[in-house]
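Work through the exercises below with the structure in view. Try each task before you read its solution.

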Amino acid sequence: EGLFRIPGSTGVISELKLAYDEGRKAALDTVQRVEAHEVCGLLKLFLRSMPEPLIPYAQYYDMLATVRGSNFESPEITLKNIILIAKSINSPRRELLGMLMLFMNEIAQYEARNKMSANTLATCIAPSIGRSEDNSPLSMMKDLQPLILSVTIMIENAHLLPQPKPMDISKHTHTKYKRNMQRTDVRPDEDGLRI
């Protein structure tokens, strides 16, 4: 319950970070008492620590402008534009964003059990994957709601985002994810939207 919302132990997260920084492949096995919240905290820390955010500055500003300008008179156009902007991100960031949004979408599928909707997940992860160049608190406050909305749209429509090719995924990646990447039966809802 509360994945990405409830913080993990900072000590365990620091141990995990150190293990990965040292190149230990089985870092999760080297740290005792690892809970899901610590793994989520490590992922958010990794994303926040990127020199340029996962959503690069140019696409960040385009997404915010799209959401701010839409007034949701046409959700289909807003969705189309957000997806086009996400697709314009250079590889491998584009595929990492797609894979992350697909992961968030999968977590949201179990909202009744884990209390994490697409919007709640977006609220937790958005500040870690997008920010303005000046990174000021004022910009962060001004941009937060449009950013959360942009990320919510991407989570709910993750199947429309570019994904890495199964052969490009490490052989150590979880088998269930590899199977899901190969599925061809993933389709949008009747209207194609979940905004």
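**Exercise 1. Find the salt-bridge partner of Lys142 and follow the links from there.**

Step 1. Lys142 pairs with Asp143 in a salt bridge, and their closest N and O atoms are 3.9 Å apart. The term means a side-chain nitrogen of Lys or Arg within 4 Å of a carboxyl oxygen of Asp or Glu.

Step 2. Note the source. This is a predicted model, in which local features need pLDDT of at least 70, side-chain atom pairs count only at pLDDT 80 or more, and totals for chains, interfaces and linings use all residues. Residues are numbered from 1 along each chain as its sequence is written, and side-chain values use heavy atoms, leaving out hydrogens and water.

Step 3. Asp143 also meets Arg68 in a salt bridge (2.7 Å, N to O). This pair links distant parts of the chain: Asp143 sits in helix 9 and Arg68 in helix 4, 75 residues apart. Helices here are DSSP runs (H or I, at least four residues), numbered from the N terminus.

Step 4. Arg68, Lys142 and Asp143 therefore belong to a network of salt bridges.

**Exercise 2. Classify Lys142, Asp143 and Arg68: buried, partly exposed or exposed?**

Step 1. Take the cut-offs: buried is under 20% relative accessible area, exposed is over 50%, and partly exposed is in between (1.4 Å probe, protein chains only).

Step 2. Lys142 has 53%, so Lys142 is exposed.

Step 3. Asp143 has 3%, so Asp143 is buried.

Step 4. Arg68 has 40%, so Arg68 is partly exposed.

Methods
Helices (H or I, at least four residues) and strands (E, at least two) are DSSP runs, numbered from the N terminus.
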